[in-house]
Amino acid sequence: MALMGAALPTLLLILAGVLVGGVWSLYRQGAPKGAVVATALLALLATAGGVLWLLPESGS
């Protein structure tokens, strides 16, 4: 389980990078605005998840 705790934030941030590239590619190709926005939201969620996972726990 400790390995997953170390790998998950890295994988989320890698996914966020891929999604940001996808957003840029969709935008440049003139994709529908809904597809660009949806992909951008997924990129933001993956970034937030990766960063928040790395923050230290303060309750214990």
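**View 1. A nonpolar patch on the surface.** Leu11, Ile14 and Val18 together form a nonpolar surface patch. Isoleucine 14 belongs to helix H1, which covers residues 2-29. The model shown here and in the views below is predicted.

**View 2. The whole protein.** The fold has two helices and zero strands. The protein has 60 residues, and 15% of them are buried. Its accessible surface is about 4,600 Å². Carbon and sulfur atoms account for 75% of that surface.

**View 3. Helix H2 from end to end.** Helix H2 takes in residues 33-54, 22 residues in total. From the first C-alpha to the last, H2 reaches 32 Å. That is close to the 32 Å expected at 1.5 Å a residue.

**View 4. The buried face of H2.** Five names mark this side of the helix: Val36, Thr39, Ala43, Ala46 and Gly50 are buried in H2. Down the axis of H2, the buried residues fall within an arc of 95°, so they line one face of the helix. An α-helix has 3.6 residues a turn, so residues three or four places apart point the same way.

**View 5. The exposed face of H2.** Turned away from the buried side of H2 is a face with the exposed residues Lys33, Gly34, Leu44, Leu45 and Leu52.

View 6. The protein has one aromatic pair. Tryptophan 24 and tyrosine 27 form this pair, and it is tilted. The ring centres are 5.8 Å apart, with 35° between the planes. The planes count as tilted because stacked needs under 30 degrees and edge-to-face needs over 60. The two residues are three apart in helix H1, so about one helical turn separates tryptophan 24 from tyrosine 27. Both tryptophan 24 and tyrosine 27 are exposed.

View 7. Leucine 13 sits in helix H1. Its relative accessibility is 34%, so leucine 13 counts as partly exposed. Buried would require under 20%, and exposed over 50%. Alanine 48 is 35 residues away from leucine 13 along the chain. The C-alpha atoms of leucine 13 and alanine 48 are separated by 8.7 Å.

How values were computed: Residues are numbered from 1 along each chain as its sequence is written. This is a predicted model: local features need pLDDT of at least 70, side-chain atom pairs count only at pLDDT 80 or more; totals for chains, interfaces and linings use all residues. Side-chain values use heavy atoms; hydrogens and water are left out. Patches are made of residues with over 30% relative accessible area and no salt bridge: like charges are joined within 9 Å, nonpolar side chains (Val, Leu, Ile, Met, Phe, Trp, Tyr) within 5 Å. Accessible areas come from the Shrake-Rupley method with a 1.4 Å probe; for residues, only the protein chains shown count as cover. A salt bridge is a side-chain nitrogen of Lys or Arg within 4 Å of a carboxyl oxygen of Asp or Glu. Helices (H or I, at least four residues) and strands (E, at least two) are DSSP runs, numbered from the N terminus. The expected span of a helix is 1.5 Å times one less than its number of residues. Buried means under 20% relative accessible area, exposed over 50%, partly exposed in between (1.4 Å probe, protein chains only). The arc is that of the directions from the helix axis to the C-beta atoms. Rings of Phe, Tyr and Trp (its six-membered ring) pair if their centres lie within 6.5 Å; planes under 30 degrees apart count as stacked, over 60 as edge-to-face and the rest as tilted.
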